[in-house]
Number of protein chains: 2
Amino acid sequence: MNSVYFDHNATTQIDSRVLDAMLPWMRTQSGNPSSRHQFGRAAREAVAQARAQVAAACGAQANQVVFTSSGTEANNLAIKGIAGYQAAGQILYSAVEHPCVSRSAVAMQAHGYQALSIPVDSQGKVDATQLAALLKQPTSLVSVMLANNETGVLQDVAGLANLVRAQGRIMHTDAVQALGKIVLNFNELNVHAMTVSSHKIHGPQGAAALILDKRLDIQPLINGGGQERGLRSGTENVAAIVGFGLACELASQDLAHYQSHTLSLRTQLEAGLNAMNAVIFGSQAARLPNTSFFAIDGIEGETLVMALDRKGYAVASGSACSSDSTEPSAVLLAMGVEEDLARGAIRVSLGTQNTVQQVAAFLQHLQQEINRLKQLSAMAA
Amino acid sequence: MNSVYFDHNATTQIDSRVLDAMLPWMRTQSGNPSSRHQFGRAAREAVAQARAQVAAACGAQANQVVFTSSGTEANNLAIKGIAGYQAAGQILYSAVEHPCVSRSAVAMQAHGYQALSIPVDSQGKVDATQLAALLKQPTSLVSVMLANNETGVLQDVAGLANLVRAQGRIMHTDAVQALGKIVLNFNELNVHAMTVSSHKIHGPQGAAALILDKRLDIQPLINGGGQERGLRSGTENVAAIVGFGLACELASQDLAHYQSHTLSLRTQLEAGLNAMNAVIFGSQAARLPNTSFFAIDGIEGETLVMALDRKGYAVASGSACSSDSTEPSAVLLAMGVEEDLARGAIRVSLGTQNTVQQVAAFLQHLQQEINRLKQLSAMAA
C-alpha cells in the first residue's frame, strides 16, 4: 500500500527496533511467565523489564502497572473494577470520552450505579464548575480523558482531579492518546488510575496498561490464574508486552522531536485548511500537536474520506472506533457543533514519518476533491 | 536455552509458518480494522480470513467466532456474559476446571448467582448422575472442560450437554487444551459455547476465541467501540489473529501426525514411569495423547521440577496458571488424591518437536534425581 498514512490516532506502524526486540520471543521456544523452569523465568524477567519501561514513561513505579490486552480493556477495568469496589453512586465521565469509558459506565447501571456525562464547552473542555456541582451527589468514580482521540483537545486533568479529591472521590484518566505525544506524569496528574496503550505509540497491538495508585481497591474484570497481582488473569502476551516496554522508552526519548515535527506539519496543514474556510474543531484549546479535526461546510466527511483514500491518503472521519456507525461524531455533538457540520468532519493525525511534501500534496488533493464534490452537489441541486 | 521443552500445555513455540504470516502485519504500516481507508480494509479482510480458519478448525461457522485476547478472557466472557443474561441461579462447573472458569463463577456470586462445583471421580471425570441431580435446581449455566490441562483427561461433553439441554439449560466447554490435540467439532459437542486459544497450538499469545451458538444471548465483558458484533470491544490484535487463524489450519492438517507422535512418546514415557512405580493420574480414563501427570511417592514435585530444570528439562508441577501457589493441585485433590501424593505431581506435556531420544534421556535423569532426592531425604530422616 502506497498511501500516505495520516491516521496515527487510530493505530501506528510498529517501530522496527520494537519489532526486533519482540522477535526473539516469537522465533524460539519461549515460556509461559507462570512456569517455574528457565523458559518461564526468562519470560517473567522480560515482562518485569517492560513493566519498568512503561512505568518510567508514565512517571510511575513498576508495581503500579497492570498489563491488559488493550486500552479498551484497561478502561473497562478502571470503570468497572474501581466503581465495583465503591458504594453504588454516580459514575461521572466527560461527554467526549471514548465509548469504552462511557459504555462501561452505562453497563454498570445494571448493578445500581448511575452513568452521567459531564458537559463540555464549545472547545470540548470539561466545565469544572459543572463537575463541582455534580460531585455534590454520591459519586463512585470520575473519568476524564487527558487528550481526545478525535479533536486532540487536552483536559486540565490535574485541576479536575483536585476537585474530585477534595470531595474524597476517585479519579481515572484515559491517557491513551496522550502517551508519547505530551509529557505524561501519573503523580503530577494526581489521578488514582490512568490508561495507556501500546499500538498508538509504534508498539504492537495486544498490550496496554492501567497505572494504579497502590492504595486503590479494585476488582478484576478477568478472573483466573491470578496474574498481574490478581487484577488481570490470563497468560501474559510476552512479545507484545516486551514491545510495549521498548515503545514507551523510545517514545520518551523521541518526545521533543515528535512534538516539533508533528506540530510544524499541523501548522502547515491548518494554514491550508484555513485558506479553504475549514472549521477546525477545538482549535482554541490546547491540543495534541499531531491532531487536526476539521470540516468544510457542505461536504460529507464519509464521502471525502473515501475520495481521499482513492487518491492515496488515509484519513479518518472521526474516531476509528465505531466504523459501523454513520452517525455524526458524538464528540462534536457534545461540543455543540451542528449535526450537518459534524457530518463533514475529517481527522488528520500525523506521525513522525509524515513530511512537508505529503502535507502540501494532501492540501492540493483536498482542494481538488472539495471542488469536485461541490460541483457534483451543485449539479444535483 | 538448550533445555528440552516438555511443557506444551503451558505454552508452545510459534510455528515458523505462522510467524511468517504475521510479520507483514508487523513490519509495515497496517491499519486499524475499524478504519475505512485501504489500510483498515486490508486489516479487516485479514481478520475475516482468520475467523474462517478458526471456525473451520472448530467445526463452526465464521460468524460464530468471537475473538478475545486469551482463553482466560474467553472463559470469563462465557461464564459472566452468558450467566449475566440468565436469571440468577446456579453456575455449575466441574471440580477440575481451570481457575478462570471456577473463579469467574465465584465472582458472579456478588450478583446473586451461586457457584457450585460438580464432583469428579478418581479419574477426574464428571459424574453425570450428580450433574443430573444438580440440574434440578434453577441453573444459569453449566461449564465442563473438554480436556483437563493437568491430567489431559477428556470429559464426555456431548453426553453431559444432552443432560443440560434436556433441562433447558445452557452448556459451555473450555476446549483450550483440546484444540489441535483431538478432533474438535462444536456442533457434535452440542454445547452453546466453546473456548479455544492460539498459544497452545503453536500460534502467538494474544489471540483466542469464544465459539457461540448464534441464538444465544450474551453480554459483553468489555464494552466500547463495538468490535466483534458488540461482544468484545477493543482494537483487534490483527497480527495475533492472523497467526491464530493459520495455526488452526496447520493444527487441523497435522492432527493425525500429532496424535500418533505424541502418543508414541507418552507410551514410552509411561512405560518408564511405571517401572519407577510412579502413580499416573487419570490413566484409566481417555486422555489427550500428549499429557502425562504423575507422582513418585515421597518426592516433592516442586523440588523435582527445579532439579530437572537444572538438568535441562522443562516440566511443570501442575498447571502453569498459579505459579505463586505452593498448594497441591486442586485438580488432584478433587480426584481424591492424598495431599502428600498430590504434592509430588509432575506434568510432562509433549509436542511434535520432542523425540524418542529426549524421552529416553529424560527417564534416565528422572531416575537419577529420584535416587538423589530419596538419599537426601533418608539422610535427613
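The crossing of α10(A) and α13(A) is right-handed, where a crossing is called right-handed if the near helix is turned clockwise from the far one by less than a right angle, and left-handed if anticlockwise. Helices here are DSSP runs of H or I with at least four residues, strands are runs of E with at least two, and both are numbered from the N terminus. This is a predicted model, in which local features need pLDDT of at least 70 and side-chain atom pairs count only at pLDDT 80 or more, while totals for chains, interfaces and linings use all residues. Residues are numbered from 1 along each chain as its sequence is written, chains are lettered from A and ligands numbered from 1 in the order in which they are written, and side-chain values use heavy atoms, with hydrogens and water left out.

Two packed helices are described by the angle between their axes and the distance between the axes. Helix α10 (residues 301-311) of chain A and helix α13 (residues 356-380) of chain A have axes that come within 10 Å and cross at roughly 130°, the axes being lines fitted to C-alpha atoms over the stretch in contact, with angles that run from 0 to 180 degrees between N-to-C directions. That makes α10(A) oblique to α13(A), since angles under 35 degrees count as roughly parallel, over 145 as roughly antiparallel, 65 to 115 as roughly perpendicular and the rest as oblique. In α10(A), the residues T303(A), L304(A), A307(A), L308(A), R310(A) and K311(A) meet F362(A), H365(A), L366(A), Q368(A), E369(A), R372(A) and L373(A) of α13(A), contact meaning heavy atoms within 4.5 Å. Sorted by class, the residues of this contact are 6 nonpolar, 3 polar and 4 charged (Ala, Val, Leu, Ile, Met, Phe, Trp, Tyr, Cys and Pro count as nonpolar, Asp, Glu, Lys and Arg as charged, and the others, Gly among them, as polar).

In chain B, helix α3 (residues 38-58) and helix α9 (residues 238-275) pack at an angle of about 30°, with their axes 8 Å apart. The helices α3(B) and α9(B) are therefore roughly parallel to each other, and α3(B) passes α9(B) in a left-handed crossing. The contact of α3(B) with α9(B) has 12 nonpolar, 3 polar and 1 charged residues.

Leaving aside neighbours within four places in sequence, L273(A) is in contact with A278(A), I280(A), S292(A), F294(A), L363(A) and L366(A). S143(A), in strand β5 (residues 139-143) of chain A, is buried too, with a relative accessible area of 0%.

Most residues other than glycine have a negative phi, and most peptide bonds are trans. N277(B), however, has a positive phi of about 60° although it is not a glycine, and N277(B) is exposed, with a relative accessible area of 65%.

Finally, a rotation of 180° with 0.0 Å of shift along its axis superposes chain B on chain A, with an RMSD of 0.0 Å, by least squares on the C-alpha atoms of residues with pLDDT of at least 70 in both. The two copies are thus related as by a two-fold rotation axis.

Key. Buried < 20%, exposed > 50% of the residue type's maximum accessible area, 1.4 Å probe, protein only.
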